[in-house]
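The exercises below are meant to be worked with the sequence and the coordinates open side by side. Each task is followed by a solution that goes step by step.

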Amino acid sequence: MPTPEPRQHFASDNYAGICPEALHWLLQANASGHQPAYGDDGWTQRVSDGLRELFQTDCDVYFVFNGTAANSLALAALCQSYHAVICTPVAHIETDECGCPEFFSGGSKLLITESDGAQARRGKLTPEAIDTLVTQRSDIHAPKPKVVSITQATELGTVYSVEEVRAIAAMAKRHHLRLHMDGARFANAVATLGCHPSDITWRAGVDVLCFGGTKNGLPVGEAVVFFDRELSADFAWRVKQAGQLASKMRFISAPWLGMLENDNWLRHARHANAMAQRLYAAIHDVPGVRVMHPPEANAVFAYLPRAVIDTLHGQGWRFYDFIADGGCRLMCAWDTTPESVDAFAADIAAACAAHA
């Protein structure tokens, strides 16, 4: 009998494997014989130039193993130990990075904005929230705000418009703050907006972007892109000290070629977004399901009854229910199939009907 296809899950886009285009260039790099180590190889140079071409600017590019390192080291490059970083209550740097930004910056404090406003409930930062935090205190006894950090797409699956990023950047500039963008799902945000990637980054006022590739089909590795090159002075030493300098760097960088070719990074993100829209369309009217908001990237956030969550988990479906009161994140990936979406949606509907 043929082996059944492994079930796809909706817990994280990290569950997905390597996309074919990235795997092709990983194997090409492996077949290229001996190459210089620590990023001095031709593959890394080629990809760095490709990212400069993508963003249409002469930016500095560094590769690290994961998003936590990308965010933490980028913020550490922007901060002294007595500085503070402004972010939302749901920011990944606040909730899921084990104090890493504070550790690598030598103690910079994260200043968390309010959580009750309409935009805050959608995971977004606003210029007004930034202004409130910055002007709250200016005495020597409080850490000095230095950086604003936003996530694109946000941890709640929403997307900042170009205008929203510009407004945040303008407020940051008004208070002499730098702007960092956690772009773990940057590709999904660009796919939603339909804009040029430069329009949502340096042209909008972003100083440094952590461009995620792992969640979009790469085997490993994120790119830290400094649009203000002065800010990356000595960053290579920071990467080395943090244990993030890969000796065989070509195996992190070369797969990016497969993403950059023919805009595969954008095509995969569009597909993941489309699967989230398909899932939303299938479940948002199901009795017992309350969707938080229509998906803007590659995730559906919905409240499900506890009995329904337990039933689905018992059936083998994997997804996170980390939001209070039954809030679930249902995440689609570059390889999510319509058949997987339909099967999951059918089981959600059946479980809701059974526990009505």
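**Exercise 1.** Which residues does Asn 264 touch, not counting residues up to four places away in sequence?

*Solution.* The model is a predicted one, in which local features need pLDDT of at least 70 and side-chain atom pairs count only at pLDDT 80 or more, while totals for chains, interfaces and linings use all residues. Residues are numbered from 1 along each chain as its sequence is written, and side-chain values use heavy atoms, with hydrogens and water left out. Begin by locating Asn 264 in helix H12, residues 264–283, where helices (H or I, at least four residues) and strands (E, at least two) are DSSP runs numbered from the N terminus. Next, apply the contact criterion, heavy atoms within 4.5 Å, which gives Glu 21, Gly 258 and Met 259 as the residues touched by Asn 264. Finally, the relative accessibility of Asn 264 is 6%, so Asn 264 counts as buried (under 20% relative accessible area, with exposed over 50% and partly exposed in between, for a 1.4 Å probe and protein chains only).

**Exercise 2.** Determine how strand E7 (residues 222–226) is enclosed and which strands pair with E7.

*Solution.* Five of the five residues of E7 are buried, so the strand is largely enclosed by the rest of the structure. In a regular strand the side chains alternate between the two faces of the sheet. Taking the faces of E7 in turn, Glu 222, Val 224 and Phe 226 lie on one side and Ala 223 and Val 225 on the other, and all of them are buried. For the pairing, which requires that DSSP find at least two bridges between two strands, E1 (residues 60–64) joins E7 in the antiparallel sense over five bridges, with Val 61 having Val 225 as its bridge partner. Strand E6 (residues 208–211) is also antiparallel to E7, over four bridges, and here Cys 210 stands opposite Val 224.

**Exercise 3.** Work out which strands stand at the edges of the open sheet that contains E8 and E10.

*Solution.* First write down the order of the four strands, E8-E9-E11-E10, whose pairing is antiparallel. Strands E8 (290–291) and E10 (320–323) then stand at the edges, each with a single partner strand, so one side of each is left without a neighbour in the sheet.
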